[in-house]
Amino acid sequence: MFQSFETTSDPASVAPRVAALREMLTEHGLNGFLVPHADEHQNEYLPPNAERLAYISGFTGSAGFAIVLEETAAIFVDGRYTLQVQEQTDLDIFSPLSLIDLPPHKWLEKNTSDDMTIGYDPALHTIGGLKALTKAAEASGCALKPVETNLIDQIWEDQPPRRVEPVRIHPIQFAGEEAKDKISQLAAGLRDKNRTHALISDPTSICWLFNIRGQDVAHTPLMLAHCLLRAEGRPMLFLERSRLNIETAAYLTELSDLVEPSQLPASLRSELNENSVVQLDPNQSSAMLADLVAGADAKFVEARDPVVLPRAIKNQVEINGSRAAHIRDGAAICAFLCWLDQQEPSSRTEIELAHKLESCRVSAGEKAQMPLKDISFDTISGAGPNGAIVHYRVTTKSSRTLQEGELYLVDSGGQYEDGTTDITRTVPVGAVGADERRAYTLVLKGHIAIALARFPEKTRGVDLDVLARNALWRSGMDYAHGTGHGIGAFLSVHEGPQSLSKRGMEPLLPGMILSNEPGYYREGKFGIRLENLILVREATDITGGDLPMLGFETLSFVPFDQRLIDPDLLTPDELHWLNAYHGHTRNLLSDHVDEDVRAWLEAATTPISSELPAASA
């Protein structure tokens, strides 16, 4: 199994750990300490040694922030984790708050005073993030003070060592563009802007730029490193030579100057001077890196990581690879759902289902001679009330047996060399009620609205997000997460800058891949989410129109469960899309599944009509 189901969080451990941290505050002359969910690279998913927020608070989600003061403590999470944080932390110690409605800097301003000094680790805070915190501290009169050694590290006795895994080359047959050409184009971009360097700390960008992959982070093929991209000359890549074999060493030596990570400060002092102009991403680069650049007497300008946009716009090889990966992945999901339909209620647990799904992906990869390299994140396998926990992680402690009359939500993905997948389906366990069917159909309407969307150039994700919510809003319902995130090419399952969300300000461009995943969650009862991946397509003319319009190509192909669809709630256009999608799914996957799954697929994709009751559709 690529996934562990061990219980990694214990609220009972929170109080003694916070007490130990507060002793460290006294020892260092501090009144508080900032604990972001971050490592030195601002990864969403962290290597084990960087899970400092989980250690001190018990909260294991992928987005969060804690502030521990001498007498009080707060933990901030977004809408995906509202329920999870209450279960995982000690509520007598930490007050859970909204990362969006009351972000840490606003809380800091309200809860500190001019006689207080708050410590922070400059390696874990972005330039932009620290600016907001510093402004808040100044408003309250307190002082922020950097620490040389993270206080959590000083009390974490069994902290895992830093992972240093082998690096592997990502072949051109999957990358689609030579690394030397990518480097040359980005260096030219720096020259055009009169910048001498760009300091890149995002491992996703570095892996894409050099066509390499690693395994330093669970489920995401990242190699953790820094890169100093030069406008003139080869880039400097700060990477341990111990993780390179003869082939990868020769490959990277041809592309770059390899330097040990421990030499990063000295190398910047040697490389940079008062004539250097270094580009740093304020939302990605740490305050520590900014201090190092400033310490070398260089000027730095705040601008986005130059790799971000080229990485987000997939080339044709990456697009074709994603299409192929989704056919393989769709066959695996269909095999799983076919098997699930044969199981009796009360006979299987959430963990057993996650096991089975992974085995289906392994089998599909072997059959296609494109092995599953990993899952793309811990499978969300939630039955009944667990499905209402948006980013639920099933453990041996929480695992439920599927019961008659419940909904089962499964959100999962695979990492293949030709593409990264992410898909969610919600299915009934036996007969379910009218409320569940109605909610499912409303979510499906939102999903179809995104799939059918046509939009002009410069349209942003924020402009489309409402389409997915409209049917729910009209019924007094909503969901507390974005509608879609970007996704990488055998890289991160969550990749910016594009998104479909209330904060999605990036214009959507052809070649970008996003998720389409509206949902609905009734606390203590059930959760519904329906997710496909979609590709932004080139603008085309519309008959009778004045402007060419962009649109989406759906990449994921797995039937939506017709037992949960109320056809009377769907418009003719929505029914047409659904029947066409099911027909295309059947045609694409039939040759990739076994005979019993093919029969299931035929039944699951039978055209649906509004004249038919859902039970016979």
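Start by selecting P497, which is found in the loop between β22 (484–485) and β23 (499–500); helices (H or I, at least four residues) and strands (E, at least two) are DSSP runs, numbered from the N terminus. The peptide bond that joins G496 and P497 is cis, with an omega of about 10 degrees. What is on screen is a predicted model, in which local features need pLDDT of at least 70 and side-chain atom pairs count only at pLDDT 80 or more, while totals for chains, interfaces and linings use all residues. Residues are numbered from 1 along each chain as its sequence is written, and side-chain values use heavy atoms, with hydrogens and water left out.

Next, select F560, in the loop between β28 (549–554) and α18 (572–589). F560 counts as buried, at 1% relative accessibility; buried means under 20% relative accessible area, exposed over 50%, and partly exposed in between (1.4 Å probe, protein chains only). If neighbours within four places in sequence are left aside, the residues in contact with F560 include R425, Y440, L444, H447, W577 and Y581, where contact means heavy atoms within 4.5 Å.

N194 is not a glycine, although it has a positive phi of about 60 degrees, and it is exposed, with a relative accessible area of 64%. Then select H219, in the loop between β9 (212–213) and β10 (226–230). H219 also is not a glycine and has a positive phi, of about 70 degrees, but H219 is buried, with a relative accessible area of 10%.

The next stop is a pair of helices, α4 (residues 104–111) and α5, which pack at an angle of about 15 degrees with their axes 8 Å apart; the axes are lines fitted to C-alpha atoms, for helices over the stretch in contact, and angles run from 0 to 180 degrees between N-to-C directions. That angle makes α4 roughly parallel to α5, since angles under 35 degrees count as roughly parallel, over 145 as roughly antiparallel, 65 to 115 as roughly perpendicular and the rest as oblique. To show the contact, select P104, H105, L108 and E109 of α4 together with A132, L133, A136, A137, A139 and S140 of α5.

Stay in this region and select T126, in the loop between β5 (117–120) and α5 (127–140). T126 is buried, with a relative accessible area of 12%, and, apart from neighbours within four places in sequence, T126 is in contact with Q42, P282, N283, Q284, S285, S286 and A287.

Finish with helix α15 (residues 350–367), whose 18 residues reach 26 Å from the first C-alpha to the last, close to the 26 Å expected at 1.5 Å a residue; the expected span is 1.5 Å times one less than the number of residues. Among the buried residues of α15 are I351, L353, L357, C360 and R361. The elements that cover these buried residues include α14 (316–341), β17 (406–412) and β20 (423–429). Just after α15, select Q369, which takes a positive phi of about 55 degrees.
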